[in-house]
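Please keep the structure open while reading.

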Amino acid sequence: MPTSPSVATGPAPASPPRTVRGRRADLIVVLVALALAVWVTSGLWRDPNVRTITVNSSDQALFEWLLAFGGHALTHGQDPLFTHLINVPDGVNLAVNTSITVYAVVFAPLTYLVGPPVTFLVILTLNLAATAIAWYLLFSRQLVRSRLAAAVGGLFVAYSPGMVSHANAHLNWTAGWLVPLLIWRAFALRRPGHWLRDGLFLGVLVAITFSIAAEGLFFTALALGLFVIVWALHPARRAEARAALPNFLRGLAVTAVVAGVLLAYPLWLHFAGPQRFHGTGFDPVIHSEDIAAFGAYPRRSLAGEAGLGTSLAPNPTEENSFFGIPLLLLTVVCFVALWRRADPARRATLWALAAVAVVFSVLSWGPVAKFDGDHTDVPMPFDLLGQLPVVNAALPARLALVVAPVIGLLLAYTLDQLRAAPARHRSTEVAWSLGFVIALLPLLPTPLLTDEREPIPRFITAGTWRDYVSPGGVLTPVPTAVDIYPDGQRWQAYALAHRQGEFRIPAGFFLGPGGPDGRGRIGPVPRPFSALMDQAARTGLVPIVTDGTVREVRADLAYWHVEAVVLPDEVHGAKFEVDQDAVRRTATALLGKPQRVDDVWLWRIPPA
């Protein structure tokens, strides 16, 4: 309240300059974004080398391996996009996997200094914080005047349910800071006289994004394309769009050339290289968004902690919508309020945003609609679009991630308008404040679930393995390394990051050929040895071993050129507890009596 002249003791202090207030607001947003990132990942910070994300330890192990391999490839002059260190003898095409090459190269010194688990955690935490900051900067510098409005919108997008669920070990999807940069630079192409420089900058950014989050780049391009088309066709924007089109197309051509040159080899590997595949290794029907999920609450939120979370997602890492009914209602109210006060030009923007949100929501429902866990016979548009090249490699449920930035922008627009409007009635201000609190507070994220994982055996950390495997030779853990048994890649990541040298492993966690109808699959097609080890690990039952079984197993080991088979005292199972005793007895029945070396059981395999 203003001070009454009768009681004033001196002139009122001058308000700080706008620049100072803006910098102060920027600093606050940065600190809040970083604090929330540390809060979400706090379970891992307790001990990054021991803790693992409970619901997705396999992906965490994969990304740790990618970081170690990328640094090793950089320092040893190897191809960072194709390797024979796993899935011997065929190797793995990392261009069709999530290679995160830029992260692996940039953070290679940190990986060598502190190890892949710490590097993984640092990147995950910075991803979340940087995503909030990048969206805030886009909103505050380009779209709204109020720093508070920009902060609310940016923080919502970065810590929306989809982003928090993908924080369960997905370094690619949590790199959401790339999206506002792409949007910012894409619309900069309209500027007259700067098309060459802006196109060059965007081309480099596209190449970086492809190497970190190719699927996210694809979704961003689709969303931007749809937005621009709807926006440009609106009567209020046609003249502006027509005037900007020549510069935009020139800049876009430069972008395509620059990105094409930088990505020529990765794109060749992706579409024509060895070990490529078409489609994906995941079922699009399973990995589609439940219509009811849009009004549900995520598990890692205040609402989820209160018991309101659901299991409508295919797994806890894919809660891509889960906005809750209050936020959906608030979004509609915000849209209507903005529309009523908007001039024709602003309505073109709102119309385009609505088109993006609706189209991507419907596409996220996959080939057939499902509601509250029950599949229907109602075909959806993705049933047709999902047959197209590139689109068939995307998981439809993740298309819902595009909706969160639309909601964040509508929230920012509304708050900006409310703060710029003349003084309102007290009850109106209270109603809006309550609406935002009721919609957003239940979605406040809670820390990711973490657990202890089995330590890397001393046999690996002490470098003892080098006494039993020739340089570049093949070592296999049992069970053999796949997504549910990530130990082999964790051991290899440790050896690479600590400069112990190279050993290769059969199989591994990756996407490769061998799925139905020429599509991809997770890991290689199982061979008899890996199938027997998996059966023992899952069931605790030792299979009947015949002479024929032994011959098949020996043939597998010869095919892989295995020199040593290793069973640690503790095996990490990503989805279930492994029966180590059954695995040891099965391996003994197949390979003979093992020897004890450090803290592992070891079977030496003579050359075929």
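Helix α10 (residues 195-233) and helix α11 (residues 238-262) have axes that come within 11 Å and cross at roughly 155°. The model is predicted. Two packed helices are described by the angle between their axes and the distance between the axes.

**The α10 and α11 pair**

- The crossing angle is roughly 155°, and angles over 145 degrees count as roughly antiparallel. α10 and α11 are therefore roughly antiparallel to each other.
- The crossing of α10 past α11 is left-handed.
- On the α10 side, the contact is made by Trp195, Leu196, Gly199, Leu200, Leu202, Gly203, Val204, Val206, Ala207, Trp231, Ala232 and Leu233.
- On the α11 side, these meet Arg238, Glu240, Ala241, Asn247, Arg250, Gly251, Val254, Thr255, Val258, Ala259 and Leu262.
- By type, the residues of the contact of α10 with α11 divide into 15 nonpolar, five polar and three charged.

**Val257 in α11**

- Val257 sits in helix α11.
- Is Val257 buried or exposed? Its relative accessible area is 54%. The cut-off for exposed is over 50%, so Val257 is exposed.
- Val257 and Leu200 are 57 residues apart in sequence. Their C-alpha atoms are 8.7 Å apart in space.

**Nonpolar cores**

- The largest nonpolar core has 140 residues.
- Which members touch the most other members? They are Phe120, Phe156, Tyr159, Leu327, Phe459 and Phe503.
- α10 gives the most to this core, with 14 residues.
- Phe503 also has a list of contacts beyond four places in sequence. Leu85, Ile460, Trp465, Val469 and Gly473 are among them.
- Another core, of 25 residues, lies apart from the largest one. Its members include Ala537, Ala582, Trp603 and Ile605.

**Val179 in α9**

- Val179 belongs to helix α9, which spans residues 178-188.
- The relative accessible area of Val179 is 23%. Buried means under 20% and exposed over 50%, so Val179 is partly exposed.
- Leaving out residues up to four places away in sequence, Val179 touches Trp135 and Thr220.
- Val179 and Val336 are 157 residues apart along the chain. A separation of 26 Å lies between the C-alpha atoms of Val179 and Val336.

Technical notes. Residues numbered from 1 in each chain as written. Predicted model: local features only at pLDDT ≥ 70, side-chain atom pairs only at ≥ 80, totals over all residues. Heavy atoms only, no water. Helix = DSSP H or I, 4+ residues; strand = E, 2+ residues; numbered from the N terminus. Buried < 20%, exposed > 50% of the residue type's maximum accessible area, 1.4 Å probe, protein only. Contact = heavy atoms within 4.5 Å. Axes fitted to C-alpha atoms, helices over the stretch in contact; angles between N-to-C directions. Parallel < 35°, antiparallel > 145°, perpendicular 65-115°, else oblique. Left-handed = near helix turned anticlockwise from the far one by under 90°. Nonpolar A, V, L, I, M, F, W, Y, C, P; charged D, E, K, R; others polar. Core = buried A, V, L, I, M, F, W, Y, C linked by side-chain atoms within 4.5 Å.
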